[in-house]
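Dear colleague,

I am handing over the structure that we spoke about, and I would be glad if you could look through it with the notes below at hand.

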Amino acid sequence: MNHQRKNLSISIIGGGASCISLLHHLVLKTKKRPPFESLRVVIYEKKGSVGPGNAYQTDYADLLLNRDAKFMSIDNDHPEHFWEWLSQRPEITVRKEKFMPRSLFGLYLKDSFETSICRALEKNIHIRVEYSEVIQLIKAEKKYRLITKGREVEEHDVVILCIGNPHLKDHYHLSGQEQYIHNAYPLKRALAPITKDTHVGVIGSGLTAVDIAIALRQQGHEGAISFLSRSGELPAVRGPVQPHRLTNLTNESLRSLIKQKEDMISLRDFVRLLRKEFQDGEIHWRDILFTKQELKMNLRERLMNDLDQVEANGVKQSILAAINEVIEMFWRHLSKKDKQLYLERFDRYFQAKRNPMPVCNAKKILHLIEIGQLSVKAGLQYMGYYQDGSFYALMQDDEQLEFDWVINATGPVRHLEGQSEAGLIGAMLSKGYAIKNPWGGLETDFGTGALVDRNNQTDPHLRAIGHVTCGTYYYTSSLEMIAKHASCIAQDLVKWMDTSTSGGKRASLSV
Ligand SMILES: Cc1cc2nc3c(=O)[nH]c(=O)nc-3n(C[C@H](O)[C@H](O)[C@H](O)COP(=O)(O)OP(=O)(O)OC[C@H]3O[C@@H](n4cnc5c(N)ncnc54)[C@H](O)[C@@H]3O)c2cc1C
């Protein structure tokens with residue numbers, strides 16, 4: 001990327017939170033007197049608006065952010081960016097609560113986008129939106145030609161994938177059944193056809209399942225709701241999370257361990273440091289998942305206990321949240337054997353503890369359990385359907401359950417397979433512009449977010465942020481991690497712009 005060039009062009013595929021965060025950093029980091037004559041940024045979005053993406057669409061106001069508003073920000077250097085946006089808007093009456101509606105966060109994203117467009121003009125950056133789906137890329141020298149579903153073609157110097165989670169998995173092949181809802185968001189639209197007195201089966205018992213139960217209740221549902229999953233565990237309840245400074249599990253200690261162990265560390269090494277971190281906080285490390293007492297409780301008792309212990313849980317969760325600082329380095333150097341072991345045995349439980357639900361949601365779920373409307377069933381083995389359009393679930397204990405409606409609430413899958421491998425991703429894989437990462441998503445260069453091609457070469461002209469990079473960075477589905485990667489990529493792009501217009505050598509950043 002070191003040619004003399006004055007008019008540069010960047011395309012961003014996908015207009016959700018990753019795109020907004022990237023634009024925000026790119027515009028802020030570009031110098032007042034930029035090295036280019038003009039920079040064209042084109043955003044391709046297949047839906048009708050740029051900003052909310054899938055997570056923060058207009059929907060029921062009861063659907064809340066799962067993090068304190070003070071820690072939700074598109075700005076990596078400014079965690080209170082959203083909080084300050086809220087406090088400048090006296091018309092927003094919910095501003096004193098810390099768990100805000102997700103659709104409000106969508107407004108913040110739209111507003112931040114508008115702000116970036118205005119700031120960009122001052123630096124001769126021209127941002128344009130194309131409301132169409134990109135289905136193919138064609139590499140032409142050091143550029144990429146983008147082809148949309150409507151057959152439009154445009155060439156860009158750099159392409160950044162911000163496409164979120166490509167597809168949800170249809171675990172039991174229920175798609176096509178009239179009373180099966182595969183993608184639940186926006187819930188207001190997806191749940192509207194469900195009649196009040198029907199029995200609804202929800203596949204999954206995590207945060208999406210919690211959203212579904214709350215939304216059904218809000219639309220006046222009176223019939224039974226059953227969460228069906230393998231573990232039968234609900235998310236933990238979020239306590240007051242405070243910034244926590246890691247003292248044992250630090251980047252330095254990991255670095256020296258990695259050096260000592262010649263690049264590969266084990267899960268045991270990591271747990272040793274994690275244990276010390278918890279011991280310093282006077283928490284027994286085994287209690288991270290469940291205390292002995294909790295293991296003896298039924299689900300309702302555990303939820304009540306979680307609500308009672310919310311302050312103490314906040315201390316644990318503060319440590320777990322602080323691990324975000326080192327999690328990528330840990331994942332990068334974890335041995336293959338232990339990566340496999342971790343994903344198979346521990347990931348599900350660890351994520352449930354790291355992504356808890358707000359207290360007010362936990363109280364609503366407890367209420368639904370107590371009035372007998374909601375049940376949570378463990379040991380789901382299989383789901384099928386009858387000719388009349390209703391469904392059955394086979395459980396591990398040979399119980400068989402029946403439902404009028406079934407809603408998919410399983411989270412994003414790490415591995416690209418089936419539908420996730422179709423469309424743009426499929427086209428890129430078939431051309432060899434990208435390859436699959438064995439731990440999920442696409443193979444990505446750790447330092448720059450550049451994709452790795454079939455010849456194992458990183459291509460700085462083609463990069464990605466978000467879920468498709470989960471194999472490289474492990475934890476990518478939170479705004480905090482997205483903002484961190486967006487900031488690094490923006491910094492690297494600014495360096496590229498400097499060197500590509502001055503003919504100098506390009507430096508590469510470390511994430
Ligand atoms: C329901 C839900 C709630 C969440 N709540 C939180 C939370 O409270 N806190 C938190 O930190 N994280 C939360 N997350 C995680 C969330 O995924 C990230 O915070 C973030 O929103 C991801 O943004 P994204 O832009 O990468 O993906 P998305 O929001 O999925 O946006 C991707 C966009 O790309 C578009 N697109 C995809 N492919 C193409 C194509 N080929 N051409 C054109 N356009 C395309 C899509 O239409 C979409 O608008 C939540 C996720 C979900 C699903």
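What follows is a short account of what was found in it, from the whole chain down to single residues.

This is a predicted model, in which local features need pLDDT of at least 70 and side-chain atom pairs count only at pLDDT 80 or more, while totals for chains, interfaces and linings use all residues. Residues are numbered from 1 along each chain as its sequence is written, and side-chain values use heavy atoms, with hydrogens and water left out.

The protein chain has 16 helices and 17 strands, these being DSSP runs numbered from the N terminus (helices: H or I, at least four residues; strands: E, at least two). Its radius of gyration is 23 Å, close to the 24 Å that the globule rule gives for 511 residues, so the chain is as compact as a globular protein of that length; the radius is taken over C-alpha atoms, and the rule is 2.2 Å times the number of residues to the power 0.38. Along the principal axes, the C-alpha trace spans about 70 × 55 × 50 Å. Of the 511 residues, 56% count as buried (buried is under 20% relative accessible area, exposed over 50%, partly exposed in between, with a 1.4 Å probe and protein chains only).

The largest nonpolar core holds 47 residues, of which Phe82, Leu86, Phe105 and Ile160 touch the most other members; such a core is a set of buried Ala, Val, Leu, Ile, Met, Phe, Trp, Tyr and Cys residues joined through side-chain atoms within 4.5 Å. Among the elements that each supply at least two residues of this core are strand S1 (7–13), helix H3 (102–122) and helix H16 (479–502), and H16 gives the largest share, 9 residues. Leaving aside neighbours within four places in sequence, Ile160 has contacts (heavy atoms within 4.5 Å) that include Ile10, Ile12, Leu22, Ile489 and Leu493. A second, separate core of 34 residues includes Val202, Val210, Ala213 and Ile369.

A cis peptide bond, with omega about -5°, joins Tyr185 and Pro186, and Pro186 is found in the loop between strand S8 (180–181) and helix H4 (187–190). Arg151, although not a glycine, has a positive phi of about 70°; it lies in the loop between strand S5 (143–148) and strand S6 (153–156) and counts as exposed at 74% relative accessibility.

With best wishes
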